[in-house]
Amino acid sequence: MVPSKDPTQTVPTDPQEQQEERPVSSLLIVIAMQAEALPLVSKFNLSEDQDSPFPKCVPWIRYHGKYKDLEINIVIPGKDAMFGVDSVGTVSAALVTYASVQALKPDIVLNVGTAGGFKVKGACVGDVYLATDIAFHDRRIPIPVFDQYGVRSRTTISTPNLVKELGFKVGKLSTGDSLDMSSQDEELIRANETTIKDMEGAAIAYVTDLFSVPTIFVKAITDVVDGEKPTAEEFLENLSTVALAMEVAVTQVVDFINGKRLSDL
Ligand code: ADE
């Protein structure tokens with residue numbers, strides 16, 4: 001793991017850190033759904049871990065392998081033991097990220113996944129975004145300072161070369177535990193000028209902030225939140241196609257990171 005006191009800074013300020021800065025060698029990719037992860041597992045030719053660093057009782061899965069100069073780990077929270085569906089949402093995302101960061105000590109984390117997009121902010125189905133900012137939209141605590149703690153709005157690490165080279169769209173990401181959007185969520189989302197809405201990003205950021213691991217959020221749009229179609233229907237309709245678009249985009253990101261130092265991103 002690359003030590004960094006401020007995760008929002010790409011270039012280390014400590015001279016010793018600067019000296020020690022080396023190309024990124026270990027990448028952890030956190031993904032909520034198996035359908036989102038599998039195209040990437042096969043693209044990077046990763047194998048499922050038979051001797052997982054996780055406790056035996058959890059459904060979390062780790063795929064790992066070497067791709068170019070990078071040690072790549074993809075982790076997913078796996079299927080819920082009671083309902084057999086992917087363990088989407090903030091709780092599972094935070095837990096699997098915590099355990100993975102502890103066990104694997106990555107230089108950098110990528111949170112990859114599908115998201116809803118706001119057409120009022122220019123998002124369309126199939127677009128791939130890099131998040132510039134991240135916040136929660138469903139943690140309402142109307143007490144001074146706790147209100148800000150709940151939303152926990154912050155900027156992500158700056159990756160100007162990555163954005164310029166790959167030409168992805170950029171926008172603010174907001175996270176909550178629901179696929180739909182209540183009127184209270186919507187109010188906060190609009191006030192924060194959000195473009196992308198997901199169910200994991202800010203929870204993953206909370207964990208990677210604790211450990212000062214730089215984190216990049218790559219989100220592909222499956223549904224237009226402020227469009228005509230019901231969100232769940234549009235999401236399911238587009239999931240497999242968008243997962244393939246995401247595979248192409250994430251490969252570009254990983255190829256770009258390969259051989260570079262954090263400060264080159
Ligand atoms: N993932 C895909 N679409 C989403 C949406 N509309 N809200 C939250 N997470 C999503």
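A polar contact is a pair of N or O atoms within 3.5 Å; within protein, one must be able to donate a hydrogen and the other to accept it. The model examined here is predicted. In it, a polar atom of the Asp 198 side chain lies 2.8 Å from the backbone nitrogen of Gly 201.

Asp 198 belongs to strand 9, which spans residues 196–198. Its relative accessibility is 3%, so Asp 198 counts as buried. The cut-off for that class is under 20%.

Ile 257 is found in helix 8, residues 231–257. Neighbours within four places aside, Ile 257 is in contact with Val 24, Leu 27, Leu 110, Ile 216 and Leu 265. The C-alpha atoms of Ile 257 and Ser 25 are separated by 9.2 Å. Along the chain, Ile 257 and Ser 25 are 232 residues apart.

Salt bridges were examined next. The count comes to 13. One of them joins Arg 22 to Asp 107, with the closest N and O atoms 2.9 Å apart. This pair links distant parts of the chain, 85 residues apart. Arg 22 sits in the loop between helix 1 (15–20) and strand 1 (26–30). Asp 107 sits in the loop between helix 3 (90–104) and strand 5 (108–117). Arg 22 is partly exposed, at 36% relative accessible area, whereas Asp 107 is buried, at 1%.

Lys 119 forms a salt bridge with Glu 228, the closest N and O atoms being 3.8 Å apart. Lys 119 lies in the loop between strand 5 and strand 6 (128–136), and Glu 228 in the loop between strand 10 (215–224) and helix 8, so the pair ties together parts 109 residues apart in sequence. Lys 119 is partly exposed at 44% relative accessibility. Glu 228 is exposed at 74%.

Arg 140 forms a salt bridge with Asp 185, with 3.0 Å between the closest N and O atoms. Arg 140 lies in the loop between strand 6 and helix 4 (146–151), and Asp 185 in helix 6 (residues 183–191), so this pair ties together parts 45 residues apart in sequence. Arg 140 is partly exposed, at 42% relative accessible area. Asp 185 is buried, at 5% relative accessibility. Finally, Arg 152, Arg 154 and Asp 209 are linked in a network of salt bridges.

Technical notes. Residues are numbered from 1 along each chain as its sequence is written. This is a predicted model: local features need pLDDT of at least 70, side-chain atom pairs count only at pLDDT 80 or more; totals for chains, interfaces and linings use all residues. Side-chain values use heavy atoms; hydrogens and water are left out. Helices (H or I, at least four residues) and strands (E, at least two) are DSSP runs, numbered from the N terminus. Buried means under 20% relative accessible area, exposed over 50%, partly exposed in between (1.4 Å probe, protein chains only). Contact means heavy atoms within 4.5 Å. A salt bridge is a side-chain nitrogen of Lys or Arg within 4 Å of a carboxyl oxygen of Asp or Glu.
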